[in-house]
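Hello,

Here is the structure I promised to pass on to you. Have a look at it first, and then read my notes below.

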Amino acid sequence: MAKIGDIDVGKFPLLLAPMEDVSDPPFRALCKEQGADVVYTEFISSEGLIRDAAKSVMKLDIYEKERPVGIQIFGANLDSMLKSVEIVEASGPDIIDINFGCPVKKVVSKGAGAGILKDIDLMVSLTKAMVEHTKLPITVKTRLGWDHDSIKIVEVAERIQDVGAKAIAIHGRTRAQMYKGNADWKPIAEVKNNPRMHIPVFGNGDVDTPERAMEMRDQYGLDGAMIGRASIGYPWFFKEVKYYFETGEHLPPPTIEERVIAARRHLQMAIDWKGEKLGVFETRRHYTNYFKGIPHFKEYRTKMVTSDHPDDVFAAFDEVQEKFSGFEFA
């Protein structure tokens with residue numbers, strides 16, 4: 001059984017990855033219902049938090065039904081990170097996660113996210129200071145290294161553990177790769193197989209089928225899988241993985257009716273949480289996957305992703321249910 005500090009997260013837990021404009025409360029709720037064991041918030045700027053920036057503060061919203069839930073923050077300035085820990089603590093999460101893996105230029109250019117992989121000593125000292133500044137378990141999400149020539153993830157993970165981190169999630173790509181090519185899980189397995197490691201080691205990157213999740217568990221021996229892109233617009237992925245683990249068979253895919261119900265709930269929760277304009281806009285990225293596999297769907301998808309009023313999007317959902325009722329997904 002994997003434990004993050006004193007939190008029992010089960011045998012080979014499935015974790016919802018922190019994703020910008022994706023891992024918000026509405027989507028986390030859907031993923032939790034479908035079997036996600038731990039969910040993380042979108043990553044939050046420490047500088048934004050201490051400036052009381054509205055968008056950053058809004059991301060602190062968490063709900064009892066999500067637990068255990070982690071709030072993820074990023075930054076490279078020690079004072080800002082420590083102040084943000086105090087702000088995050090007040091929201092009552094179960095876990096605080098540090099983002100040392102985001103490859104986006106606007107984050108990296110400030111020395112944060114994956115940018116800190118150029119300065120491992122700073123990465124370790126930041127982690128140590130944050131561990132000492134809170135009673136909540138601190139976890140870390142990172143990548144293999146800055147580029148292929150600077151991969152030292154076994155040493156990095158050991159040092160992160162030794163200063164008090166309670167778990168580490170590793171994306172199997174370098175920052176230089178961004179999201180291109182295939183994730184390499186072998187170095188993550190090397191971290192897990194290091195006899196000095198005793199905290200959970202979670203794998204991330206390209207866990208896009210139940211078979212791949214099983215491979216991560218059985219062949220690579222990791223403690224859990226952090227799932228990102230495979231879940232976007234498809235919260236059922238967590239349930240499908242668990243069903244495959246239990247039976248060795250694939251769970252039948254959700255029906256049109258189930259997909260429409262989920263999409264409607266998702267949109268309504270998003271509107272309730274962030275308002276009509278943002279709710280409509282930020283839920284758009286999910287629709288392609290909600291209805292992936294339906295032939296001749298372009299007309300309906302266009303309505304969903306171009307309509308600015310929720311009534312028009314809900315009407316498009318109704319059209320889809322009526323038009324494709326009974327369609328069987330492969």
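**What I found**

Strand S3 (residues 14-16) pairs with strand S11 in the parallel sense, over three bridges. Here, two strands pair if DSSP finds at least two bridges between them, and in that pairing Leu-15 stands opposite Met-226 of S11. Before going on, please note that this is a predicted model, in which local features need pLDDT of at least 70 and side-chain atom pairs count only at pLDDT 80 or more, while totals for chains, interfaces and linings use all residues. Residues are numbered from 1 along each chain as its sequence is written, and side-chain values use heavy atoms, with hydrogens and water left out.

S11 also runs parallel to S10 (201-204), and three bridges join the two. There, Gly-203 stands opposite Ala-225 of S11. S11 itself spans residues 224-227 and is covered on both faces: Gly-224 and Met-226 are buried on one side, Ala-225 and Ile-227 on the other. Buried means under 20% relative accessible area, against over 50% for exposed and in between for partly exposed (1.4 Å probe, protein chains only). Helices (H or I, at least four residues) and strands (E, at least two) are DSSP runs, numbered from the N terminus.

Next, helix H8 (residues 186-193). Its buried residues are Pro-187, Ile-188, Ala-189 and Val-191, and what covers them includes helix H7 (153-162), strand S9 (167-171) and S10.

H7 and H8 pack at about 45°, with their axes 9 Å apart. That angle makes H7 oblique to H8 (under 35 degrees counts as roughly parallel, over 145 as roughly antiparallel, 65 to 115 as roughly perpendicular, the rest as oblique). Axes are lines fitted to C-alpha atoms, for helices over the stretch in contact, and angles run from 0 to 180 degrees between N-to-C directions. Ile-153, Val-154 and Ala-157 of H7 make the contact with Pro-187, Glu-190 and Val-191 of H8, contact meaning heavy atoms within 4.5 Å. These residues divide into five nonpolar, no polar and one charged (Ala, Val, Leu, Ile, Met, Phe, Trp, Tyr, Cys and Pro count as nonpolar, Asp, Glu, Lys and Arg as charged, and the others, Gly among them, as polar).

Finally, the axes of helix H4 (residues 78-89) and helix H6 (residues 120-133) come within 10 Å and cross at roughly 35°. H4 contributes Leu-78, Met-81, Leu-82, Val-85, Glu-86 and Glu-89 to the contact, and H6 contributes Leu-126, Ala-129, Met-130 and His-133. By class, that contact has seven nonpolar, one polar and two charged residues.

Best wishes
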